[in-house]
Amino acid sequence: MSQKNETTALIIALLATASILGGGYFWLQSQCAAGQEFFFCGSGKSPQKSPTSGSASSPLPPPPSPQEVVSFVPPTSIPSGTTIRINGATSMVQINQALKAALTAKFQGVEVLTNAQGSDRGLEELARGAIDIAAVSRPLTESERSQGLASSPIVRDAIAIVVGVKNPFAGGLTTTQVKDIFTGKITSWSEVGGSAATIQVINRPPISGTYQSFRQEVLQGGEFGRGTNFKMMERDATTPILRVLGLNGISYATYGQIANQKTVRALAIEGILPSEPNYPWQRTLYYVYKEPASEAVKAFMGFVASSDGQEAIFRANEDLQR
């Protein structure tokens, strides 16, 4: 082979090598840019993926929920002499009583003390250690969570709009009409197809979780009216409210508490009754405890999660809706 041919061959080989090296370099750079974990990406250090990186085939996990629901183990025994104190939402009176009856029947010597002075009162007493569990008809606020309070969802519930059984208004209402009645924009039954009588709005006190849920869900964060046709009850109790509805009153209550009442009736909203699954105003009821949970709380919450506890809750709701 002549020197000229050897030189030509050497040039071709060098060009091929450069092409291979250059192509490899750009391939490696593209892999680094794509987030591949190779040691040679960067300046001699093992690369770290950005916490926001991801791909269509491997999407980022959803952000964590504000609070994970703790699972409690159903108790096999509870020491005799254990006392469990509950206070809170009137919406959960029947559930409290049903669980109390079932638990004390199964575990002799255990006492369950229940009260129903409103969600806020229950949370206040829980925060200062006066009770073990608060029954609450609304989600906890961030401020309440910061105090070490944790909640467990118990059951779904509907907020019913109620009138006295002898109220001449026989129709239903729209969501807008309900909002306008409770904010004071509508003050006569004639404005919703009824008589010319003034609508008497019977309201709950602000300490009520149902009051707060109603304001958030139904009034969409708006304020209740304060006209002469508004009456605010002094305590959060459903029975006194139902007694004063009369011919022209209107109020709201957890559906479970009025479903089998003979003196009142629930109005259809957008043509849907609160007993139907697509009723517009539904919420979750909770038990709230202080972390770390005491042994009494663990026992009670474990019983709630057990088959006996779930049956008690089911029967309480079933009895109310007959």
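Which residue forms a salt bridge with E144, and how far apart are the closest N and O atoms? The partner is R138, and the closest N and O atoms of the pair are 2.7 Å apart. A salt bridge here is a side-chain nitrogen of Lys or Arg within 4 Å of a carboxyl oxygen of Asp or Glu.

Before going further, a word on the model. It is predicted, so local features need pLDDT of at least 70 and side-chain atom pairs count only at pLDDT 80 or more, while totals for chains, interfaces and linings use all residues. Residues are numbered from 1 along each chain as its sequence is written, and side-chain values use heavy atoms, with hydrogens and water left out.

**Overall picture**

The protein has 10 helices and 9 strands; these are DSSP runs numbered from the N terminus, with helices being H or I of at least four residues and strands E of at least two. Of its 322 residues, 40% count as buried. Buried means under 20% relative accessible area, exposed means over 50%, and partly exposed is in between (1.4 Å probe, protein chains only). Among contacts with a separation of 6 or more, 75% are accounted for by residues 24 or more positions apart, a contact being heavy atoms within 4.5 Å.

**Salt bridges**

Searching the whole structure gives 10 salt bridges. Three of them are listed here.

| Pair | N to O distance |
|---|---|
| E144 and R138 | 2.7 Å |
| E295 and K298 | 3.5 Å |
| E311 and R315 | 3.0 Å |

E144 and R138 are both buried. They also belong to a network of salt bridges that links D120, R138 and E144.

The E295 and K298 pair sits in helix α9 (residues 295-305), where the two are 3 residues apart and so separated by about one helical turn. E295 counts as exposed because its relative accessibility is 60%, and K298, at 36%, is partly exposed.

In helix α10 (residues 307-320), E311 and R315 lie 4 residues apart, about one turn of the helix. E311 is partly exposed at 38% relative accessibility, and R315 is partly exposed at 44%. An α-helix has 3.6 residues a turn, so residues three or four places apart point the same way.

Helix α10 also holds G309, which counts as buried because its relative accessibility is 0%. Leaving aside neighbours within four places in sequence, G309 is in contact with L99, F303 and V304. G309 and L103 are 206 residues apart in sequence, yet their C-alpha atoms are 7.7 Å apart in space.

**Strand β7 and its partners**

Strand β7 (residues 249-254) is mostly covered, with 6 of its 6 residues buried. It pairs with strand β4 (residues 149-164) in the antiparallel sense over 5 bridges; two strands pair if DSSP finds at least two bridges between them. I159 has T254 of β7 as its bridge partner. Strand β5 (residues 200-203) pairs with β7 in the parallel sense over 2 bridges, and V201 stands opposite I250 in β7.

**Nonpolar cores**

The largest nonpolar core has 38 residues, of which I161, L173, V178, F182, F214 and I250 touch the most other members. Such a core is a set of buried Ala, Val, Leu, Ile, Met, Phe, Trp, Tyr and Cys residues joined through side-chain atoms within 4.5 Å. At least two residues of this core come from each of β4, α5 (175-183), β5, α6 (209-217), α7 (238-243), β7 and α8 (255-258). The largest share, 6 residues, is supplied by β4. Apart from neighbours within four places in sequence, I161 has contacts that include V178, F214, I250, Y252, L267 and W281. A second, separate core of 29 residues includes I78, V110, Y287 and A293. In soluble globular proteins, nonpolar side chains tend to be buried together.

Helix α6 has G209, T210, Y211, S213 and F214 as its buried residues. The N-terminal end of α6 is capped by S208, a side-chain oxygen of which lies 3.1 Å from the backbone nitrogen of T210.

Key
Polar contact = N/O pair within 3.5 Å; in protein donor to acceptor, adjacent residues only side chain to side chain.
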